[in-house]
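Colleague: I'm new to reading models like this one. Please pick a single part, look at it closely and talk me through what surrounds it.

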Amino acid sequence: MEQTTLKIEGMTCDHCKAAVTNSLKELEGVSEVEVDVKAGTAKVAYDSSSVSISEMNEAVEEQGYDIV
């Protein structure tokens, strides 16, 4: 299991947190997601043989947020 921290712009509330968390958890290979709205980050534990960081970035961007 690997971990990464995604830097995300545009999150402002609990709805944003839920949207990002759910979009990442839906990806096969993602086991844990911890979103911090104030810091603009999402810490993700994942299996790199099942999901890539670019797939995670795309899932977040599809929710309307920007990866920095």
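Modeller: Let's start with Glu61, which sits in helix 2, residues 53-62. Helices (H or I, at least four residues) and strands (E, at least two) are DSSP runs, numbered from the N terminus. Before going on, remember that this is a predicted model: local features need pLDDT of at least 70, side-chain atom pairs count only at pLDDT 80 or more, and totals for chains, interfaces and linings use all residues. Residues are numbered from 1 along each chain as its sequence is written, and side-chain values use heavy atoms, with hydrogens and water left out.

Back to Glu61: its relative accessible area is 43%, so it counts as partly exposed. For that label, buried means under 20% relative accessible area, exposed over 50%, and partly exposed in between, using a 1.4 Å probe and protein chains only. Glu61 and Glu9 are 52 residues apart along the chain, with their C-alpha atoms separated by 9.9 Å.

Asn57 lies in helix 2 as well, but Asn57 is buried because its relative accessible area is 18%.

Now for what helix 2 meets. Its axis and that of helix 1 (residues 14-25) come within 9 Å and cross at roughly 140°, which means that helix 1 is oblique to helix 2. Axes here are lines fitted to C-alpha atoms, for helices over the stretch in contact, and angles run from 0 to 180 degrees between N-to-C directions. Angles under 35 degrees count as roughly parallel, over 145 as roughly antiparallel, 65 to 115 as roughly perpendicular and the rest as oblique. The contact is made by Val20, Ser23 and Leu24 on the helix 1 side and by Met56, Ala59 and Val60 on the helix 2 side.

Let's zoom in on strand 3 (residues 41-46), where Thr41 has its place. With a relative accessible area of 10%, Thr41 is buried. Opposite Thr41 stand Asp36 and Lys7. Leaving aside neighbours within four places in sequence, the contacts of Thr41 include Thr5, Met11 and Glu34. In the hairpin of strand 2 and strand 3, there are 4 residues between the strands, and Gly40 takes a positive phi near 70°.

Val44 is in strand 3 too, and it counts as buried because its relative accessibility is 2%. Among the residues that Val44 touches, not counting those up to four places away in sequence, are Leu6, Leu24 and Met56.

Key. Contact means heavy atoms within 4.5 Å. Two strands pair if DSSP finds at least two bridges between them.
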